[in-house]
Amino acid sequence: MMKVFDAHCHLQDPRILSKTPQLIKAAQDTGVVNFAVNGVCEQDWGSVKQLSIAFPSVLPSFGLHPWYVADRSPNWFKKLKEYFDSTPSAAVGEIGLDKGSHGKKIDFSEQVEVLRQQLELAKELNKPASVHCVRAYGDLLELMKSMGPFPAGVILHSYLGSAEMVPEFSKLGAYFSFSGFIMSLKANKAKKMLRMVSSDRILLETDAPDALPKSNINSLFFVEGDTSVAEEIHGQRTTSSSTPDSSLANSSQVVTDALMLPKETLNHPANIHNVLEYVACMLEITKEELAELSYQNAVRLFSYEGSKLLQK
Ligand SMILES: [Zn+2]
């Protein structure tokens, strides 16, 4: 079976946490070996830590996401550092900048300051950092240039920046991680950008429970109990152990695509295969080749001192 590494997800998210053990099992049955689980706010760092203790496949990351910058407590940074002291296997994330519809409500200079502090911490601890960026790639590049390079690596998660910026970020130590969101780019734009990413810097992720791939519904896994998904679709695959394929397409009366699902439909970590297939197609390489190289890249990046990958 192809081995796949989910380089960025949120299995601690309250929308799915009660189902996470089944989601991990189902995804593992399809070949997903590791899950880089990213905390986003002070309130969820504890759940990330618990998941890491309970599941050897979970690689924890702690960080303050830009959406939660305004809600941070006065001692958030001290608390963050305590999490790294008590969980030396953790990486940094999710951190970042956001000027999108939600992020623009949060003071941008505070976002930059909070990101700078956490990038400095990542450098100091020699750990990779998982970075979110929405409509702020210019600002991010400028900040990273002023602080870089980042020898332990920076994961530009769900990268949707320009092709032109890829070499600039690469020089600073960035890796480019792709989720279902890449399917929202025009195919020619996605191709142009993907071709700028060198094969030793490409990663795959689900960002689950967000970023449901815009694939044919019959090829997707859904989270059991997700009320946004119609009953008849649910019956098809929830915690099924079969590998994603289109074998259900013929037998099913439901032939449609994910574009018709409501945008709150939850993503399942086994849907990394849909991202793999799409990106491989854009790069005109086989799924096996992309699975192998992205897996090796993730293992290299996550083999920092203290990582669970080195404790096996
Ligand atoms: Zn995320």
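Modeller: One term will come up throughout: helices, of at least four residues, and strands, of at least two, are DSSP runs that are numbered from the N terminus. Please also keep in mind that this is a predicted model.

Biologist: Okay, so how many helices and strands does the protein come to?
Modeller: The secondary structure of the protein comes to 11 helices and 8 strands. The radius of gyration is 18 Å, close to the 20 Å that the globule rule gives for 312 residues, so the protein is as compact as a globular protein of that length.

Biologist: What box do the C-alpha atoms fill?
Modeller: Taken along the principal axes, the box filled by the C-alpha atoms is roughly 55 × 40 × 40 Å. Of the 312 residues in the protein, 46% are buried. Among the contacts between residues at least 6 apart in sequence, 79% join residues at least 24 apart.

Biologist: Let's get to sites. Where does UniProt place the feature "binding site"?
Modeller: An unreviewed UniProt entry places that feature at His-8, His-10, Glu-94 and Asp-207. Although these residues are spread over 200 residues of sequence, they cluster in space, with a largest C-alpha distance of 10.7 Å. The "binding site" annotation in the unreviewed UniProt entry also covers His-132 and His-157. Those two span 26 residues in sequence, yet no two of their C-alpha atoms are more than 5.7 Å apart, so they gather at one spot.

Biologist: Take His-8, then. Buried or exposed?
Modeller: His-8 counts as buried because it has 29 C-beta neighbours inside 10 Å, and a residue needs 20 or more to be called buried. His-8 is found in strand 1, which runs over residues 4–9.

Biologist: Where does Glu-94 lie?
Modeller: Glu-94 lies in strand 4, residues 91–98, and Glu-94 counts as buried, with 28 C-beta neighbours inside 10 Å. Apart from its neighbours within four places in sequence, Glu-94 is in contact with several residues, among them Asn-38, Ser-130, His-132 and His-157.

Biologist: Which element holds His-132?
Modeller: His-132 is found in strand 5, residues 129–134, and His-132 is buried, with 27 other C-beta atoms within 10 Å. Beyond residues up to four places away in sequence, His-132 touches His-65, Pro-66, Glu-94, Gly-96, Asp-98 and His-157.

Biologist: What about His-157, where does it lie?
Modeller: His-157 lies in the loop between strand 6 and helix 6, the latter covering residues 165–171. His-157 also counts as buried, with 28 C-beta neighbours inside 10 Å. Leaving aside neighbours within four places in sequence, the contacts of His-157 include His-8, Glu-94, His-132 and Asp-207.

Biologist: Switching topic to the backbone: which residues does a cis peptide bond with omega about 0° join?
Modeller: That bond joins Gly-148 and Pro-149, and Pro-149 has its place in the loop between helix 5 (137–147) and strand 6 (154–156). The peptide bond from Ala-208 to Pro-209 is cis too, with omega near 10°, and Pro-209 is found in the loop between strand 8 (202–204) and helix 8 (231–234).

Biologist: What is phi of Ala-211?
Modeller: Phi of Ala-211 is near 60°, a positive value in a residue other than glycine. Ala-211 lies in the loop between strand 8 and helix 8, and Ala-211 is buried, with 23 other C-beta atoms within 10 Å. Glu-284 has a positive phi as well, near 55°, and Glu-284 lies in the loop between helix 10 and helix 11 (287–301). Glu-284, however, is exposed, with 9 other C-beta atoms within 10 Å.

Biologist: Last one: how do the axes of helix 7 and helix 10 cross?
Modeller: The axes of helix 7 (residues 187–196) and helix 10 (residues 272–283) come within 9 Å and cross at roughly 80°. That makes helix 7 roughly perpendicular to helix 10. In this contact, Ala-190, Lys-191 and Leu-194 in helix 7 meet Val-279, Met-282 and Leu-283 in helix 10, and the residues divide into 5 nonpolar, no polar and 1 charged.

Methods:
Residues numbered from 1 in each chain as written. Predicted model: local features only at pLDDT ≥ 70, side-chain atom pairs only at ≥ 80, totals over all residues. Axes fitted to C-alpha atoms, helices over the stretch in contact; angles between N-to-C directions. Parallel < 35°, antiparallel > 145°, perpendicular 65-115°, else oblique. Contact = placed C-beta atoms within 7 Å. Nonpolar A, V, L, I, M, F, W, Y, C, P; charged D, E, K, R; others polar. Rg over C-alpha atoms; globule rule 2.2 N^0.38 Å. Buried ≥ 20, exposed ≤ 12 C-beta atoms within 10 Å, placed from the backbone. UniProt positions renumbered as here; feature names shortened; annotations may be inferred.
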